[in-house]
Amino acid sequence: MVIRIVRNFFKRIFNNIFRSKEQLSIGFYGPPNAGKTSLANRICKDWTGEEIGKVSNIPHETRNVQFKEKVEIDYKGKKLTFKLIDTPGIATKIDYEDFMKFGLKKKNAQQRAKEATQGVIESIQWLDDMDLVVVVLDSTQNPYSQVNITIIGNLVARKIPVLVIGNKVDLRKADLRKVEAAFPEYDVVGISAKYGKNMEEFYESLFRLAKGV
Amino acid sequence: MAKNKLTLSFIPYADIAKLNSITRIKKILNIVLQNRIVILQGRLDATEEASLIQSTMALVGRVKNFRGVELAVIQPNQKENLMDRVRLGIARSLVGNRDALTVIGPASLVKEIKRNPEKIDLMLKR
């Protein structure tokens, strides 16, 4: 775990030194299980042919920062090349017993919790490396959680442009209006990353925001 | 601490106003680790909130039975007009952000803090 953090730390420094501004760094942030990796997979599969990571119903499936270099979107004659950075979900609490409810054995659940806590720390550390952030929220959940507000507050403090995504609009419980009401100052796009619903609006908003970076 | 006993610790803004970010976070987490719920007058800034989350995560697994925190900030007067916002901004820059209220409790005690724009519901574990 420590080795991985140190390795990622040096990787970040190296990447920053040699980063070309032609390639933006676009981060996917949000609480656990909002669908960050599902959306990242959808984009990567559409434009590079391969997925970026595994998805699961068990929270904190993504426990380390994963990225895909040079994702090139060619949409309606416009091109956008960027580094896609998928981050572990940010949470204020992690209880291994919650993982056991999904059938994980105690030892595995404890290991998962340990890795998840490191993932949260790593996600926050990476905030400084982003040029643009897509905040992925689960539109079936209350958007007023402090984690969401803290993430957006940190992006505002760092002057990083934000696109808010209300994911899982295919579910009956989804309430995109609530997400829009919670973040009236931002462009909010409702999508279903799982089924690829409304991706056109997502790409349009992404291009619009990237243009200003 | 006796079981089923709930202790709230109120921190007036004056107590944290002159502290640096690290000391503020330390002060809050020290109280939370004693299984108390902190009611803080005012709020941490966004970067301090992120640091609080990082420090919390660093403690999970290292401190026995500590699973993290539940956190919520309630900020009144969110629908002010432009002039009110300017006045509030000036006031905050002079005396600090005192009109907010921050609730931070250990996750072992606080099941959930439901936050709606103008109120928070604190749900405790049995």
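# Close-up views of a two-chain model

**View 1. Helix H4 of chain A against helix H3 of chain B.** The axes of helix H4 (residues 106-126) of chain A and helix H3 (residues 46-59) of chain B come within 8 Å of each other and cross at roughly 155° (axes are lines fitted to C-alpha atoms, for helices over the stretch in contact, with angles from 0 to 180 degrees between N-to-C directions). H4(A) is therefore roughly antiparallel to H3(B) (under 35 degrees is roughly parallel, over 145 roughly antiparallel, 65 to 115 roughly perpendicular and the rest oblique). The model is predicted, so that local features need pLDDT of at least 70 and side-chain atom pairs count only at pLDDT 80 or more, whereas totals for chains, interfaces and linings use all residues. Residues are numbered from 1 along each chain as its sequence is written, and chains are lettered from A and ligands numbered from 1 in the order in which they are written. The crossing in which H4(A) passes H3(B) is left-handed (the near helix is turned anticlockwise from the far one by less than a right angle; clockwise would be right-handed). On the H4(A) side the contact is formed by A:Thr117, A:Val120, A:Ile121 and A:Ile124, and on the H3(B) side by B:Ala50, B:Ile53, B:Gln54, B:Met57 and B:Ala58 (contact: C-beta atoms, placed from the backbone, within 7 Å). Sorted by class, the residues of this H4(A)-H3(B) contact are seven nonpolar and two polar, with no charged residue (Ala, Val, Leu, Ile, Met, Phe, Trp, Tyr, Cys and Pro are nonpolar, Asp, Glu, Lys and Arg charged, and the others, Gly among them, polar).

**View 2. Helix H5 of chain A against helix H3 of chain B.** The axes of H5(A) and H3(B) also come within 8 Å, here with a crossing angle of roughly 130°, which makes H5(A) oblique to H3(B). The crossing of this pair is left-handed. Chain A contributes A:Thr150, A:Gly153, A:Asn154, A:Val156 and A:Ala157 from H5(A), while H3(B) contributes B:Ala46, B:Thr47, B:Glu49, B:Ala50 and B:Ile53.

**View 3. Surroundings of A:Asn154.** A:Asn154 belongs to helix H5 (residues 146-157) of chain A, and this residue counts as buried because 23 C-beta neighbours lie inside 10 Å (buried: 20 or more other C-beta atoms, placed from the backbone, within 10 Å; exposed: 12 or fewer; partly exposed: in between). Leaving aside neighbours within four places in sequence, A:Asn154 is in contact with A:Leu127 in its own chain and with B:Ala46, B:Thr47 and B:Ala50 across in chain B. The C-alpha atom of A:Asn154 is separated by 9.6 Å from that of A:Asp128, which is 26 residues away along the chain.

**View 4. The side of chain A that touches chain B.** In the interface, 20 residues of chain A are in contact with 23 residues of chain B. H4 and H5 of chain A each supply at least two residues of the touching side of chain A. The residues of that side of chain A divide into nine nonpolar, eight polar and three charged.

**View 5. B:Ile28 in the largest nonpolar core.** The largest nonpolar core holds 73 residues, of which A:Leu84, A:Val135, A:Ile165 and B:Ile28 touch the most other members (a core is a set of buried Ala, Val, Leu, Ile, Met, Phe, Trp, Tyr and Cys residues joined through C-beta atoms within 7 Å). Apart from neighbours within four places in sequence, B:Ile28 is in contact with B:Val38, B:Leu40, B:Leu52 and B:Ile104.

View 6. Most residues other than glycine have a negative phi. A:Lys70, however, has a positive phi near 45°; A:Lys70 is placed in strand S2 (residues 66-75) of chain A and counts as exposed, with 12 C-beta neighbours inside 10 Å. B:Asn35 likewise has a positive phi, near 65°, and is found in the loop between helix H2 (21-32) and strand S2 (37-41) of chain B. With 16 other C-beta atoms within 10 Å, B:Asn35 is partly exposed.

**View 7. The two chains as a whole.** Chain A has seven helices and six strands (DSSP runs numbered from the N terminus: helices H or I, at least four residues; strands E, at least two), and its 213 residues are 44% buried. Chain B has four helices and six strands, in the order β-α-α-β-α-β-α-β-β-β from the N terminus, and 29% of its 126 residues are buried. Among contacts between residues at least 6 apart in sequence, those joining residues at least 24 apart make up 71% in chain A and 69% in chain B.

Note on methods. Two residues are in contact if their C-beta atoms, placed from the backbone, lie within 7 Å.
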